[in-house]
Each structure stands twice: as structure tokens, then as C-alpha cells.
Amino acid sequence: MLKHPANWLGLSLALPLPTLLVLAYLLPLAGVLAWSVSTPAGIGFGHYRQIATDPLILSILWRTLRICTVVTLVSVVIAYFLAYHLRFGSLLKKRILLIGVLIPFWLSALIRAFAWLMILRGNGLANTFLQSVGAISEPLALARNELGVMIGMVHFLVPYAVLPILSSLQHIDDRLLQASRSLGASFWRSFKDILLPLSSSGLLAATVIVFVFSLGFFVTPSVLGGGRVVMVAEYIYLQMFQLSNWGLGAALSAILMLIVVALMLLLIRIVGIRRLMDTAS
Amino acid sequence: MTNRISTTKKGNEMTVMKPDRNLPAMTRRQFGLSAIAAAAAGAFMPRSVFAADQLVVANWGGDAVTAFEQAFAEPWGKLNSGKLVVDGGGPSEGAIKTQVDSGAVRWDVCDGEMYSSYRLGKEDLVEKLDFNVIDKNLVGFGDVHDFGIANYVYSYVIAFDAAKFGGDPPKSWADFWDVKKYPGKRALYKWMSANLEIALLADGVKPEELYPLDLDRALAKIAELKPHILTHWETGAESQQLLRDGEIVMGQVWNTRAELVKKQTSGQIDYTFDQAVVSPSVWFVPKGNPAGRDAAMRFIRMTQEPEVQAKLMEVYGMGPVNPAANALLSPELQKISPTAPENIERSVSMQNQWYAENYGQALDKYTALISG
């Protein structure tokens, strides 16, 4: 086949993308993986062994997974609610919601984190308001702790969950819902038997996207977490740049990547790559 | 720690400090990415690209860049034809390692962490200093060793709400820990530097017996204060905001920031040099620096001049390490210079040698404590 000159031309035209991928992505990735197995004593899995046994690292990993799980669940539920109204609400409602979802989407993570800090801190808007209406007497600890980190993360991630869910909701034929209502099904029955199953791929895609995204959060925990090293991304930073311990930082990155790859494979397996691309677009 | 900010400028900027500890998160991330990109690109970038007839001094960005230009460009111009360039890229250990290992060294002289200079020296990533050019004897405060020399100092001081505690202000770290006498939230610096020292001082260790630090004792003392610590501030601007907005009643902050917030609040927030922990910053020279080792040594020697030291204090509040510089300062600046005689005699000096030897292991324990 490659004897024909036109085929050679076609092949060479396709080359830039794989070349770019290899140079800009696979090569550095291989470098990171190589760091993760290089120890002062040569090649070895010492960094991975340390991760598996060091109580501090395990507790940070565990906390990261816990925060990400809670954040993902809350984000997806809120996003489903928003997507539902974006799909079925009045035009005005849709517009307002879309603006509400998209504007924060375009703001930088840093600005949003600081904005939340202003709202949630001891003498911030939320506490001042609650105190002025007499709901509380002492300020609540809303920021500079795990709760603050979670609030900031949920706000950041909801738009990412809204889009795939909305896309799958938009694929649902209105007539199915009309039929179920006309047959006397309650709202919940229609929701359970029609909406939920038919939007499940979008829901699953949203869950995985949000979870994967949340694992690497750096800015929000750093600003809203009260200066404690809350999540694993910041710990990786600490190893890389405070201690120039590239090996351990790289090994932690590799583990994060492994989790992400496993989740993506699982998602593709369940939903199928075509439907995934479909919902995401 | 180039935390300091010019005493003349209102300090809300977020990029004044060293990224390893003080930069805001976003900038740190960008910084990290750029360092990694530099590592990736290093293989393709010939060194000659950077080696023009210029000298590049690296610090931690923000106002410190302007301050270095104001203090150093003119005297350097008198000695050399080449240009002085100040790069706020942040000479963390990771960044130095990246540049030296990849052969793409961009910086000639770096304003770094003192303990880093010891560690980098041990790893053979920085040049040995030439004490035929540099004058050891001009350094009155801070470390001088083969691979690093103190360039200026700053202090960790107790800042407090004078409206609450003005009648009987806190005078020691023991007072800082005394939540019965001085009730209210506190804030500490995010990283352990000086935190270990103040904890031991609060626990009754005599200043002259601090080193080697008793890590476990220090951590236990910090654990004791934990319920009263609102946050571990990361940037100098954040420490100011916490005090100014009354989120905390007392904070361990850099003297430069304490001075700024005192001015902004017309004295409602005050601070003391009692038991201030004096911490030196350092010059070091990355191995194979583009302008050559000799130029770097001559630059360092120049910065030791009393006039240059005084200028740095004037524009940015960095405490002189050359004692002769304090005499050149105005009376107002002498009052707030960490190394002026009446301030330094009440202070405690930090010894970075200990951190150089114990940093990794100690930081792990410290991180476990504050993030737990």
C-alpha cells in the first residue's frame, strides 16, 4: 500500500499529531515514571514502598479520596438538579441558570477560592448574615478547614458535571415523558423509570470527570484549607520543590495517574467510548 | 522569605514571597509547571542563549524584583558595563536542581533559603564562594559557609491587637501560647521555619540552648496551641489581612508585614521585637552560572557594601547583615531594622545548619502534625 507516493504523503501529513504527542506528552510522562523508580541506590520501588507504609502519606491519600468522593457526590446531585431545569425549565430560567453556571466556569480557580474565603471566613458574609438574623451566636467554622475546601471544590466542579448530564438529558425524547405522565405515572416514577436510566451515561461520565478532576486539586485546598497540607497535589508539590525529592513526588503522581486511568477504563467499559464521546460533546 | 515588602507600599500584592513557602497557590503551580517545562526544554536550549553580557539575579518575584533593581542596579552599573537583570522566578532547591542537571542554568546569583544553600552545596549544585573576593568579615548577622553567605535578614515577630492587649502587651512566645491571659485566635507561618524555635522558647528553653532543636518537644508544644490556631498563613499579605480584619488577635509574622499592618491600622495592630527570631536569607551561585563565577562573586561583594545594604533596608525593609549599614539609616528606619542594636539584642538568631541537616525528616513530622 505504501508503494504509492500519495499514501506516503498521507502518512506524513498524519505525522505531526503523533510526533507532538510523543514529544510533548509521552516523553515527559516517561521521565516522570523513570524518576518514580530511581532511588539513590539505583532502580527500585523504594518510593512506592514508602507510600504504602508511611502513615502521613497514607492519611493524605485517604483524605484526598474521601474529600473527592464527597465533593463528587454533592457536585453531581447539584448538577443533575441544574441540568434538569436547564432541559425542562422556561426560557428565562434556562438563561439565568446558564449564566449562573458558565460565569464562574470562566473565572480562575484562585479568584474563586479567595472569593469563597471572603464569604466563609469567621467575619465573612455568611457568618455576618447568620449572626445578624440571630441564627447563630458564634461564627461557624466554614472555611480554613475541610468543609471550606469541599465548598470551594463543589462550586468549581458543578459546571463540569452539568454539561455531560445536560447533554444526555437533551437526547431524551419528550414523548416518552409525555407518555408516562399520560399513563398516570407520578413525577418520581417517571424520573426513576425514564429520566434516570436514560441519563445514566451522562451521570456516570459526570461522576468520573468530576472525580478525576478533583484528585488533582491544588489551588482550592491550599487557599481554603487553612494552610494545612490537605490534599495530595500539594504534598507532591512539597516533595518536588521544598525537598527536591523528585522520586517520591513522581511516584505519588504515578499513583494518581493510575487511579485516573483505571477509572477512565472502567467508564469506557461501562458506557462505551462512542457514547462517552457523544455525551461529552 | 522575601516576604518583605517595601515599607512605602501598601501590601496587597500576592507574589512577593518565595514560592516554596510564600507564593499564592496559582503562581506556585505555574511556577512548578514552568520549572518542569524548563527541565523538558533544557535538552534543546544551548547555554549561550542566556550568556549575554548581563548578570541575572534570581529572587521570589513581586516587589522584591523592583527592590533589588533599586538597590543593586546603580552600584553594579558603576563596576560593570553589563546589565543587571532581576528574575523573580523563585530559586527553590527544585528549580536549581532542574537547571543545573539539565545544563540550562539561567541565574547567576540567587536569593534563597539559607538551609537550601547547605543542601545544594552538599549536592554539588552550587559554586564554592571565593572569599578572596567576598569579605566574610562584613557579615555580622547570619551564616557564612563555603556555599552560601547571608545577604539580609528578616525577623519573625509577635504582632498583636493593641486594642485588646495594649495595656499589657505580649512580650514573649510564652505569652503567645498563653491563651488564658490573651484569649483569641492565633496564626502561625505555614512552614516550620521559626515555628519550632518559638515553640521551644514558649516551652521555656533558653535562647542559647535552642540548638540542636528538640523536634518532638517543639511539635508537642505546637500541638498544644493547635485548637487556637485559626490558620497557617502562607503569604505575607494574608498575615496582614488576618490581623487587619480582626480574624486573629495575635500572629507570628514577618517584621516587615507587621510594620505595614501597624501603619495601615494606625497602630491598632502593634508588634514587638522581643524574642523576635532573626532569620538570614542567602546568596548562592548555581554551578556553571552563565555570567561566570567571578562576576557572581564580584556582585556578592558589592552587595556587602554598607550603602547598598542600607538602600535595601530603605526600599524593602530587609535588615542589613553588615552592622555598619545600620548607622547609615534614618532614626525611623533604625527603629524597624531587625538588626539595629536595640532590636537585635532582644532577638534570637535562627541557625539554619540544623534545618539543612534535618529538614526532610522534620518537615514530614511537622506536616503530619499541622495537617492531621
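**Chat on a predicted two-chain model**

Me: How many Å separate the centres of domain 1 and domain 2 of chain B?
Reply: In this predicted model, the centres of domain 1 of chain B and domain 2 of chain B, taken over C-alpha atoms, are separated by 26 Å.

Me: Which residues belong to each domain of chain B?
Reply: Domain 1 covers 25–153 + 279–348 of chain B, and domain 2 covers 155–278 + 351–371.

Me: And how many residues does each domain give to the contact?
Reply: Domain 1 of chain B gives 16 residues and domain 2 of chain B gives 21 residues.

Me: Which elements supply at least two residues on the domain 1 side?
Reply: They are α4 (114–122) and α15 (341–344) of chain B. The largest share of that side of domain 1 is four residues, and it comes from α4(B).

Me: How do the residues of that side divide into nonpolar, polar and charged?
Reply: On the side of domain 1 of chain B that touches domain 2 of chain B, nine are nonpolar, four are polar and three are charged.

Me: Turning to the two chains, how many residues does the contact take from each?
Reply: It takes 28 residues from chain B and 26 residues from chain A.

Me: Which elements of chain B give two or more residues there?
Reply: On the side that touches chain A, these are α1 (25–42), α3 (93–102), β7 (229–233) and α16 (352–371) of chain B. The largest share, seven residues, is from α16(B). By class, this side of chain B has nine nonpolar, nine polar and 10 charged residues.

Me: Now chain A. Where does UniProt place the feature "transmembrane region"?
Reply: According to UniProt (unreviewed entry), the feature lies at residues 60–84, 96–119, 147–166, 194–219 and 246–268 of chain A.

Me: What is the chain doing over residues 60–84 and over 246–268?
Reply: Residues 60–84 of chain A are 100% helix and 0% strand, with end C-alpha atoms 36 Å apart. Residues 246–268 of chain A are also 100% helix and 0% strand, and there the end C-alpha atoms are 32 Å apart.

Me: At what angle do α2 and α14 of chain A pack?
Reply: Helix α2 (residues 16–36) and helix α14 (residues 246–271) of chain A pack at about 120 degrees, and their axes are 7 Å apart. The crossing of α2(A) past α14(A) is left-handed.

Me: Which residues make that contact?
Reply: From α2(A) they are Val32(A), Leu33(A), Trp35(A) and Ser36(A), and from α14(A) they are Trp246(A), Gly247(A), Ala250(A), Ala251(A), Ser253(A) and Ala254(A). The contact of α2(A) with α14(A) comprises seven nonpolar, three polar and no charged residues.

Definitions and conventions:
Residues are numbered from 1 along each chain as its sequence is written. Chains are lettered from A and ligands numbered from 1 in the order in which they are written. This is a predicted model: local features need pLDDT of at least 70, side-chain atom pairs count only at pLDDT 80 or more; totals for chains, interfaces and linings use all residues. Axes are lines fitted to C-alpha atoms, for helices over the stretch in contact, and angles run from 0 to 180 degrees between N-to-C directions. A crossing is left-handed if the near helix is turned anticlockwise from the far one by less than a right angle, and right-handed if clockwise. Two residues are in contact if their C-beta atoms, placed from the backbone, lie within 7 Å. Ala, Val, Leu, Ile, Met, Phe, Trp, Tyr, Cys and Pro count as nonpolar, Asp, Glu, Lys and Arg as charged, and the others, Gly among them, as polar. UniProt positions are given in the numbering used here, feature names are shortened, and annotations may be inferred rather than shown by experiment. Domain bounds come from an automatic or database domain assignment.
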